Amino acid sequence: MKFAIITHVIHGKESGNYFGYEPYVREMNLWIKNVSEVIIVAPLDSSYKSQIQEFYQHDNISFIMVPSFDVSSIKRTFNSLLVIPSIVWKIYQTMKRADHIHLRCPGNIGLLGCLVQIFFPSKSKTAKYAGNWDPKAKQPLSYRFQKWILTNTFLTKNMQVLVYGEWETSSKNIKPFFTASYFEKDKIEVKPRKLEVKISFLFVGTLSNGKQPLYAIKLVEKLYKKGFNLQLTLYGEGIERGMLEKYILENKLENIIYLKGNQNQETIKKAYIENHFVVLPSLSEGWPKVVAEGMFWGCLPIASKVSCVPNMLENGNRGMLLDLNLNQDVQNIESILKNKDLYQDKVIKAVQWSRQFTMDVFEDEIKLLLQS
């Protein structure tokens, strides 16, 4: 099978091998495990491989380089209009060669892929919509347009669209799905941490306004000032790092707030195993990987009510949902910190639920999709 991937994810090349963002490539390696040829249409960058990137595992990969583009300004829109025709042509030629077409959405390259796939109604297709599928969510016009095309079964034929969460308004080609991080063999026994010792919080993600790391810091700061013995460790990099460092210094939080930068998967896994809570006050998510991973290792999630998070946390029975009201959220966290039985019950439920979704199950589901 010739398997074509149309994606906006920026790739790199080292010693003849292609790499990209580690969680995405790790998933794609399962998709391409049993196909004979892989054709990737994506942007290519010349930077060196980082700790949060991974190599594709396949012996027969063809890479079709296309430029990244966006329409965030008049100048960029004009430049985009110059490159879009060549991108569309490359996508069309790739789809023509492919036996199975796989789109990664939402994204600008995925948007073009959504349009071009209309001309291949009989080809086997899948699309992974890795963003928030909630029809009530406020999203850019391009995201809503991609959703509209993917759910329009007149324009989009012979395609299964994988989305996070279950939504009543979905069309018949929409399939609720999940993303896994660990295999069955990775499972080890985990127990709820004791709340009598120093309570440790994690933030894992990009240091950007969308992920709201400052809100996580303010939560822990306010609890600290209430007399709790705690700390927060942040893993990730981003444009807000300088601002966060300044806030930590100005508020004398150096002894309880730690910025660790980007780290590899093993380091993050160890952190999940050792810490009490993982905090994700994000404004937008698809499948929040850090929530699922934290639950897998008994690190209780405290997360905002976006996308499928309420479903993942069973409306708070398997964690805590943030209202993004600082005083109210601090009060709710405080009620868990003061009740070890409640905390342990939530952790046990979180572990049991999350361990249903392993890479083994994920791989079996992918095989069924490619066979249908």
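Analyst: Start with burial: buried means under 20% relative accessible area, exposed means over 50%, and partly exposed lies in between, with a 1.4 Å probe and protein chains only. Helices (H or I, at least four residues) and strands (E, at least two) are DSSP runs, numbered from the N terminus. This is a predicted model, in which local features need pLDDT of at least 70 and side-chain atom pairs count only at pLDDT 80 or more, while totals for chains, interfaces and linings use all residues. Residues are numbered from 1 along each chain as its sequence is written, and side-chain values use heavy atoms, with hydrogens and water left out.

User: Which residues point each way from S15, and are they buried or exposed?

Analyst: In a regular strand the side chains alternate between the two faces of the sheet. From S15, Leu300, Ile302 and Ser304 point one way, Pro301 and Ala303 point the other way, and all are buried. Because five of the five residues of S15 (residues 300–304) are buried, the strand is largely enclosed by the rest of the structure.

User: How many bridges join S14 to S15, and do they run parallel or antiparallel?

Analyst: Strands of a sheet pair through backbone hydrogen bonds, either parallel or antiparallel. Two strands pair if DSSP finds at least two bridges between them. Strand S14 (residues 277–280) and S15 are joined by four bridges and run parallel, with Val278 opposite Pro301. S15 also runs parallel to strand S16 (residues 320–322), through three bridges; there Ser304 has Leu322 as its bridge partner.

User: What do S14, helix H8 and S15 make?

Analyst: A crossover is right-handed if, with the strands pointing away from the viewer, the path from the first strand over the helix to the second runs clockwise. S14, helix H8 (residues 289–296) and S15 make a right-handed β-α-β unit.

User: What is the strand order of the open sheet of three strands?

Analyst: The order is S2-S3-S5, with antiparallel pairing. Strand S2 (12–14) and strand S5 (53–55) stand at the edges with a single partner strand each, so one side of each has no neighbour in the sheet. Strand S3 (residues 17–21) is joined to S5 by three bridges, and Phe19 has Phe55 in S5 as its bridge partner.

User: How many disulfides does a search of the whole structure find?

Analyst: A disulfide is a pair of cysteine sulfur atoms within 2.5 Å. The search finds zero. For Cys105, the nearest cysteine sulfur is that of Cys114, 3.8 Å away. Cys105 is buried, at a relative accessible area of 3%.
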